[in-house]
Amino acid sequence: MPTLKKLTIIWVLAALGLSFASQVSYDSWRRYSPGKIGVDYNVYIEPQPPSPAIARGLSFGANEALADWYWLTLIQYYGGGTPNGKYRKLAEMFDLVTELAPKFASVYETGLVILPGEGFADEAIALGAKGERNLPNSWQPPYYTGLVHHIYKKDYLAAAQAFDRAARSPDAPANAKYFAGIYYAEANSRQTAYLIFKNISESSDSELVRERATKYLGQLELMFFLEEVIDRFQARYNRLPTDLSELVRVDLLKSIPTNPLGRVLEINPQSGEVQEQKK
Amino acid sequence: MLNISRLNKTFSRGLGSPAVADLSITLSQGEVFALLGPNGAGKTTIIKLITGLIRPTSGQITINNLPSSSTAAKQITGYLPEQPQFYRYLNTKELLELAGGLFGLDRQTASRRSIELAKRVGLAADLKRSIGQFSKGMHQRLGLAVALINDPPLLILDEPLDGLDPIGRADFKKLILELKGRGKTIFFSSHILADVAEIGDRVAIINRGRLLKIGSPAAITGGQKSLELAFVGEINNDNHA
Amino acid sequence: MTTTLKALGGRLRGQIRLIWLIGLNTFKETIRDRILYLIVVFSIIVIAATLLAASVSLGQDVRVIKSFGLQAMLFLLLVITVFSGTQLIWREIERQTIYFILTKPVSREIWLLGKYLGLALTVTLVGLIMGTEFLILLKVKGVLELIPTIATICFILLESYLVIAISLFFSSFAAPLSSAIYTFLVVLVGHSSSTLWLISQKASPAIKYLLETIYYLFPNLEKFNLRNELIYGLTVDRAQLLAVLGYFVGYSLVLLLLALAAARRGEY
């Protein structure tokens, strides 16, 4: 008959073993099995962020620490992968962290890079706008927002405006203004693009950027010049030329000038504007 | 030296019966005065009123014409509570030095007095011993040493012989008589009649907060065989009144 | 005139000595509280946890170390303050050591101030231990800004001293558990002051009045929060610091005076 001491040790070990086995079994069910409650996504893995108002109200002065806590949760959430590959709470998490810590710069940048790729382009743009409000001297929020407008929304005017705002921040990279010019041109806001490129070609510290800006400037000047010639053609013949080479055939042009950017130009048949040839 | 005049104390916002009712006692210098009474008679309440731990509902207590609860009066009073308790993490010397410091003694004087008094109360060997290891009797001795640290003219002792073995009690009584010989005034409470008869100059018998009889042990004993019988008689008469 | 001043000076020195004696004794008493050792051990665990968290923070390690480290320091100091502060008076009564003190020529005012000083010394020691850990951590990371960090730690200590006064105030008339709950609630409200203010500005006039009253009545503990400034490397206005110091002195005085009034009435 084992002693009382030995019996106690045996029982303690058995109880520990039982609780350990139960925990492992439960965790496996929770993590790896399909949602047993009939929900699309395993809600146990998803974080359940409180509303920003509640989080602020219940933070009791620990806003920054709480923001960091949710930031770490967000990183684990995004890095951990979800069963169905869709991060439903991602935008909410970014919103929560930036509501708790409005000046947490890195979060805006990360959000603007990650969110659009996960289907949250609009939320990313909203995050960028919040970043611009809370960090008015920071070039990153509008800069990254511009990229989102370009890549995901194809809204070149909005992209140009965003890069323009980025360029006004101190420490903005030299190419912010440059990108603004490009996107204004892309969005057909050529007068704005022209002024921007002229400014860059005169004042940029980077020789490469000055050189590229001068080339863009050259293309815009060429476009303006060609449009003047097209106007004269239209006054004479009461129609738009079929292509640029017709201007040469009717002797309004000696030859089609070389585009410093090396791109082929064509006439838009509806508006009569000169534009880059669409691929 | 100590004057208690028409002292009244009622707890429970005046709803209960008074703990002390219309008590008047005067002690002259050098007197050993004993407060006798059964358990719950109000002895400790009276002593707490004297030391300012509780406030009287009405009446006055003065020590050398100073209000007894004033710091000036406390400067000349030494107090030994019933079942004294001290900071268990201090040793004898530290506690006595702290007591001395609270009386305004400088460090050297407090240190010297600590050693002297520890010796006098039989704790010389326990100067560096932590109070947490003390027995009840050692607490009592230490309490007396604390009460004497500033060499006060007036001593208020609540059940001073409680918890002492026969040798300790004999020693204590000897010390009290020594102090009396040096002109100290001693006010103590007890329910051990033999001790009271031995050392008390005057005795007051109280019951249910009221003074029943006051006088020398011999006067109180009167025609009874012993002070004990006289005491029991007084209490029974009062309880049946 | 000179004699009077001398006498007054002597008396004041005597009172200060008494406060110091009681304070030192209280320090020896509270430093023995086992919770203190738990707190110091816990602070080491917090450092380890903070470093771990920082390592997975996507390059935000310095930020996380600062925010978690300072928040943990504040929280742990507040735990000590609430736990020990609300028992300061009760323990003396329960262990009957109060008879030792109050029957000496020590006024209740001096006694209470001594208790306050003693716990403040304990909190300062623990704060210095944790603060030193934090400074070493930042130094090792190469991101230590000495003066702003020390200022932030000092203000955390200042807030703790104010909470000692709050806990002493409640414990002068309430039992330890109730005092602890009241103190804890006041600390929560005190840290919600900015939220209260924001809500009040958008509320109806009656609610606005009520909330603004609460805002001014309860201790505004967010004033002592320099953690945000340290995290974002912002500078602190000297006038702002002086204003906070003034607030600390004023509010603590109110609490201590009220606690004194309650202690004077106490019967033991």
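A residue is termed buried if 20 or more other C-beta atoms lie within 10 Å of its own, exposed if 12 or fewer do, and partly exposed in between, the C-beta atoms being placed from the backbone. Residues are numbered from 1 along each chain as its sequence is written, and chains are lettered from A and ligands numbered from 1 in the order in which they are written.

By the burial criterion, Asn175(A) is buried, because 20 other C-beta atoms lie within 10 Å. Asn175(A) belongs to helix α9 (residues 175-186) of chain A, where helices (H or I, at least four residues) and strands (E, at least two) are DSSP runs numbered from the N terminus. Between Asn175(A) and Leu220(A) there are 45 residues in sequence and, from C-alpha to C-alpha, 19 Å in space. Ala213(A), in helix α11 (residues 207-237) of chain A, is likewise classed as buried, because it has 25 C-beta neighbours inside 10 Å. When neighbours within four places in sequence are left aside, Ala213(A) is in contact with Tyr178(A), Gly181(A), Phe197(A), Ile200(A), Ser201(A) and Ser204(A), two residues being in contact if their C-beta atoms, placed from the backbone, lie within 7 Å. The C-alpha atom of Ala213(A) is separated by 9.9 Å from that of Leu261(A), which is 48 residues away along the chain.

Confidence was examined for chain A through pLDDT, the predictor's confidence in each residue, from 0 to 100. Chain A averages a pLDDT of 85, and 91% of its residues score at least 70. Over residues 36-41 of chain A, however, the pLDDT is below 50, although this stretch has eight contacts in the model beyond near neighbours in sequence. Where pLDDT is low, the predicted coordinates should not be read in detail.

Asn64(B), with phi near 50°, is found in the loop between β4 (58-63) and β5 (66-67) of chain B, and is partly exposed because 16 other C-beta atoms lie within 10 Å. Gln83(B), for which phi is about 50°, lies in the loop between β6 (77-80) and α3 of chain B; with 14 other C-beta atoms within 10 Å, Gln83(B) is also partly exposed.

Within chain C, two helix pairs were described by axes, which are lines fitted to C-alpha atoms, for helices over the stretch in contact, with angles running from 0 to 180 degrees between N-to-C directions. The axes of α6 (residues 108-141) and α12 (residues 238-265) of chain C come within 9 Å and cross at roughly 130°. The helices α6(C) and α12(C) are therefore oblique to each other, given that angles under 35 degrees count as roughly parallel, over 145 as roughly antiparallel, 65 to 115 as roughly perpendicular and the rest as oblique. Arg108(C), Glu109(C), Leu112(C) and Tyr116(C) of α6(C) make this contact with Leu256(C), Ala259(C), Leu260(C), Ala263(C) and Arg264(C) of α12(C). By class, the contact has six nonpolar, no polar and three charged residues, where Ala, Val, Leu, Ile, Met, Phe, Trp, Tyr, Cys and Pro count as nonpolar, Asp, Glu, Lys and Arg as charged, and the others, Gly among them, as polar.

In the second pair, α3(C) and α7 (residues 146-171) of chain C pack at an angle of about 25°, their axes being 9 Å apart, so that α3(C) is roughly parallel to α7(C). Residues of α3(C), including Leu70(C), Met73(C) and Leu74(C), meet residues of α7(C), among them Ser167(C), Leu168(C) and Ser171(C). This contact of α3(C) with α7(C) comprises ten nonpolar, six polar and no charged residues.

The contact between chains C and A takes 22 residues from chain C and 14 residues from chain A. Chain A and chain B do not touch, and their nearest C-alpha atoms are 32 Å apart.

Terms used: Predicted model: local features only at pLDDT ≥ 70, side-chain atom pairs only at ≥ 80, totals over all residues.
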